[in-house]
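Okay, thanks for coming, everyone.

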Amino acid sequence: MTQHLSFFERSQEISAAVDLRIMETTDLHVHLHPYDYYADCPNPDLGLARLSELIDHARQQVPNCLLFDNGDFLQGTPVGDFFAYDKGLRAGDAHPVIAAMNALRYDAITLGNHEFNYGLEFLMGSMAQANFPTVSANILRKAGRSPRNDQHLFRPYRLLTRDVLDRSGQSRAICVGVIGVAPSQITLWERQHLDGRIQTRDMVQAVKAWLPEMREAGADLIVVLAHSGIGDSRHREFMENAVIPIARLDGVDLILSGHSHQVFPSPVFAKIPGVDIERGTIWGTPTVMSGFFGSHLGLVDMTLLQDGGKWHVVDTRVTTRALRDASLYFAQPLMRESEAPILSPAVRKIVSSAHDAVLGKIRQPIGLSDTAINSFFAYLGRNAATELVAAAQKEFVAEHLEDTEYSTLPLLSSVSPSKVGGLGGARNFTNIEAGLLTLRSLADLYVFPNRVAACRLTGADVVLWLERAASAFQQLTPDAPEQSLMNPAFPGYNFEIIYGLDYTVDLMAPARFAANGDEIDPSFSRIRNVTWNGKPLDMTADFILCTNSFRAQGAGGFAGSGQDSIVLDHPAIIRDVLSNYVSAHSPLSISAQGPFRFATEAGTSAVLRTSIAAHAHLDLIADFNPEVMGVDRDGFMRVKLCFDAAYGVQNRPVSSLDD
């Protein structure tokens with residue numbers, strides 16, 4: 001293993017030291033141009049074209065650099081959908097994200113879960129034009145008796161031999177081993193595309209199995225491209241966010257992480273055992289995570305010394321550079337300009353033609369809406385965006401279950417907001433004005449290429465589904481000043497709202513489930529007074545729940561989901577279903593009044609973080625007596641909500657609420 005030594009323990013001259021910079025991009029999600037396609041306006045804080053300028057600058061500063069991508073680059077904007085569904089890729093065509101990566105001279109990449117959204121053929125066709133290796137140790141054609149016997153979709157690791165310059169200008173050879181992993185849940189999340197064709201293995205087990213061979217093959221330094229977030233410390237088989245257990249493996253020198261759309265090092269992770277946010281290490285292993293959509297460039301700067309033919313890590317420094325702060329970096333004079341060519345103009349040229357083609361596509365009109373459609377107050381149930389998706393899903397499922405054994409069962413429709421702030425930032429809200437609707441509007445409504453699906457659930461399953469979603473809220477306390485309404489660890493895409501029911505969420509009660517879906521205590525309950533057609537929900541009755549393929553296959557751990565309960569898994573993309581629904585029902589008149597309300601005790605208030613654009617729509621929540629409290633440092637507008645004003649005498653102590 002590479003030894004981590006104090007600089008002062010080395011007797012070699014400083015001139016023999018090698019400065020090596022490892023750069024990471026992650027979760028680009030086809031954000032190539034600095035443009036928000038959902039709002040149809042520029043956004044200088046994202047996109048690989050702008051990030052390429054930071055990459056150029058970072059290369060100018062250090063003579064020895066390697067650039068890696070950590071996955072989820074192929075899907076996520078209308079650009080991805082355009083090349084998958086509209087233009088397509090013919091033999092020899094280069095996907096624009098791959099062409100841009102070629103131009104930037106990436107050294108290696110790994111796959112994320114969203115690479116499989118468009119199917120295996122599209123993925124393999126896209127990767128065929130890559131000029132860099134793709135590594136993936138746990139995504140398999142066929143699993144063997146052990147990881148070393150697996151048949152891989154791509155090679156599990158690569159050895160990159162590079163000539164590096166020490167501080168005296170002398171050239172030295174170093175071998176960098178690169179291994180990649182991604183969440184094993186991809187076979188669940190993309191079952192329709194991958195069932196019987198792809199298998200997966202636990203990420204930690206896969207990395208551990210290949211480390212000895214990589215060392216024996218000559219790796220001086222081992223870099224793990226882990227498309228995985230920083231989650232639990234204890235390893236559990238098939239865990240989704242496994243960076244901490246990977247960091248504890250003997251032989252791992254460096255981790256580039258992602259998937260969870262966060263930034264590391266940052267104060268968010270300060271209280272986790274083994275995490276040092278000052279040094280950017282997890283159990284002593286340098287680790288970086290560089291945001292999402294091209295928002296940040298991750299940097300790990302290493303000082304290396306060679307002794308007796310072996311390389312030793314003397315020092316590391318882990319940082320991230322945000323696009324929004326780009327001027328801070330560009331203000332510095334560039335170094336070694338003659339030795340590091342500027343590549344960003346080539347990247348801008350590649351993405352510009354794709355950008356123009358996509359703009360022409362998404363601006364096509366499809367219908368009209370009499371009401372504005374936004375997600376500013378989705379967590380309060382005042383959300384025309386989810387109401388519209390729920391209606392389109394329900395109509396489609398009803399038509400396709402007609403004349404089947406399920407046609408007589410009552411239909412419910414479950415939807416989570418696609419864009420509701422959170423880690424996506426203060427711009428991450430659906431905001432469609434009343435009037436003309438375009439394909440851009442539909443992309444703003446629903447950002448994922450999920451398919452329509454439906455599950456058969458009992459009333460008891462439905463209530464547990466709602467309990468899981470209710471984890472989104474903090475447990476509130478009467479008279480507490482400025483307490484947050486939302487649990488910041490809860491991802492908005494798991495906030496499922498079920499249309500066709502009426503129900504109450506008790507904000508004074510503890511959550512039954514943690515943000516990650518683990519059950520805290522089965523005796524805890526927040527969901528009250530659930531009715532269907534004006535009568536108490538029958539826990540033993542069967543219902544058809546309209547949803548999407550991602551959720552139906554079990555993503556998020558919602559009760560009753562999974563292959564055994566699915567009664568419809570249609571290949572139709574929800575965005576196409578929405579387009580047809582809008583055209584058939586134009587002009588739309590959509591209610592923003594959701595199916596749930598809250599129960600609190602007297603004197604309870606809370607603060608909601610939402611978009612500053614929500615200021616013009618405060619009438620939707622006038623019954624909460626909203627008080628705007630300014631804008632926080634992340635750009636969110638803070639709105640204080642008074643639950644007494646909203647529900648008045650209907651607020652009751654928890655003990656008096658009906659189950």
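**Cysteines, a helix and a cavity**

Let's start with Cysteine 175, which is buried, at a relative accessible area of 10%; buried is under 20%, exposed is over 50%, and partly exposed is in between, with a 1.4 Å probe and protein chains only. Before I go on: this is a predicted model, so local features need pLDDT of at least 70 and side-chain atom pairs count only at pLDDT 80 or more, while totals for chains, interfaces and linings use all residues. Residues are numbered from 1 along each chain as its sequence is written, and side-chain values use heavy atoms, leaving out hydrogens and water.

So, how many disulfides does the count come to? Taking a disulfide as a pair of cysteine sulfur atoms within 2.5 Å, the count is zero. Cysteine 175 has its nearest cysteine sulfur 18 Å away, in cysteine 65. Then there's cysteine 455, also buried, with a relative accessible area of 0%.

On to helix H3, residues 96-104. Helices here are DSSP runs (H or I, at least four residues), strands are too (E, at least two), and both are numbered from the N terminus. Nine of the nine residues of H3 are buried, so the helix is largely enclosed by the rest of the structure. Who's doing the covering? Among the elements over the buried residues of H3 are helix H1 (48-61), strand S4 (64-69) and helix H10 (344-362), with contact meaning heavy atoms within 4.5 Å.

A cavity, on a 1 Å grid over the protein atoms alone, is a set of points where a 1.4 Å probe fits but cannot get out, and lining residues have an atom within 4 Å of a point. The lining includes Leu466, Phe495, Glu496 and Phe596.

Last, confidence: pLDDT is the predictor's own, per residue, from 0 to 100. The chain's mean is 91, with 94% of residues at 70 or more. Over residues 331-338, though, pLDDT is below 50.

Terms used: 1 Å grid on protein atoms, 1.4 Å probe; cavity = no way out; pocket = protein on both sides within 12 Å on 5 of 7 lines; lining within 4 Å.
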